[in-house]
Amino acid sequence: MTNLISPTPRRLGSSFEIGPLGYGCWRLVAMSPAAAQARIESALEHGMNLIDTADVYGLDWGGSAFGEAEALLGKVLANSPSLRERMVLASKGGIIPGVPYDSRNLAIACDASLDRLGVERIDLYQIHRPDLLAHPEQVAAQLTTVRAVGKIGEVGVSNHRPSQTAALQRYLDFPIVSQQAEYSAVHLDPLFDGVFDQAMAEQQAVLCWSPLAGGRLATGQDIAPALLSALDALAEREGVSRAVLATAFTLAHPAQPVSLCGSINLERIAETARATTVSLDAADVYRIIEASMGASLP
């Protein structure tokens, strides 16, 4: 049967091509600029040219401050400016600790991200989570402003329902080019909630975060035995680790998702690149889906 995993680049709007694997900077905190640069260089060397961060990153994984991950990446880019030319730089705004969401002031958030990153332009700017109290027309006005002056290239959304994405698109005169959603062998929501369907209909890239369920699919912690058995059998057949096989699963959809690697372990970053060499057909993918659901599809 046909292999569902395509190793070819994905389109991100009309401006960019990105690899099927990207690098997420959630854990890029509490380390020296040199150590952070080693992670970024490894990701780029292994085809992960989408480098995805967010202004709120820094409040988890040993970080100590809002904006810490962006600031650290900014130091990396200041130390080695040539790296900027090799990446598609993505960031996110709209989460304000204690509020918790504010998409009415995205222009201010974007300026702050640009300052921390030390760049003039963010290639892909995403609304991190929807502001339930902001009218989409108001949000669209903020995005239109920063895009019109060249501070951002493309616009995406993260953790949005299809209806929320569609409502925002109604007030934009340029396309939303991407959606970022949690997707893994234990979190199948995009298959059923309309995210993948909308992405295919609107030619949006899907950026999958937490493809290893926070590492649980690698360790096996709190994962159903039937799912582990299915993943392990396929991993053995393909000659890869369970973590690589689970990453490959997130790529095996006709929406051609991009899977975001979030590891700061250099060996694991390199290993993750093997996911594009795995072969999974429809029977394999349905086997994983049904094992995850704990039931047969009707």
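Predicted model: local features only at pLDDT ≥ 70, side-chain atom pairs only at ≥ 80, totals over all residues.
Colleague: OK, what do the strands from β3 to β10 form?
Modeller: They pair in parallel, in the order β3-β4-β5-β6-β7-β8-β9-β10. Neighbouring strands are turned by 30° against each other on average, direction ignored. Put together, the eight strands make a closed barrel.

Colleague: Is β9 largely enclosed or largely open?
Modeller: Strand β9 is joined to β8 by five bridges and to β10 by two. Buried means under 20% relative accessible area (exposed is over 50%, partly exposed in between, with a 1.4 Å probe and protein chains only). Four of the five residues of β9 are buried, so the strand is largely enclosed.

Colleague: What do we call the way α2 and α4 are set to each other?
Modeller: The axes, lines fitted to C-alpha atoms over the stretch in contact, have angles running from 0 to 180 degrees between N-to-C directions. Those of α2 (residues 68–79) and α4 (residues 106–117) come within 7 Å and cross at roughly 45°. Under 35 degrees counts as roughly parallel, over 145 as roughly antiparallel, 65 to 115 as roughly perpendicular and the rest as oblique. The two helices are therefore oblique.

Colleague: Which residues of α4 do the α2 residues meet?
Modeller: Contact means heavy atoms within 4.5 Å. From α2, the residues involved are E70, A71, L73, G74 and L77; on the α4 side they are S113, R116 and L117.

Colleague: What kind of ring pair do W26 and W61 make?
Modeller: Rings of Phe, Tyr and Trp (its six-membered ring) pair if their centres lie within 6.5 Å; planes under 30 degrees apart count as stacked, over 60 as edge-to-face and the rest as tilted. These centres are 5.6 Å apart and the planes stand at 90°, so the pair is edge-to-face.

Colleague: And which residues make up the cluster linked by ring pairs?
Modeller: W26 is partly exposed at 34%, and so is W61 at 44%. The cluster is W26, Y57 and W61.

Key
Residues numbered from 1 in each chain as written. Heavy atoms only, no water. Pairing = 2+ DSSP bridges.
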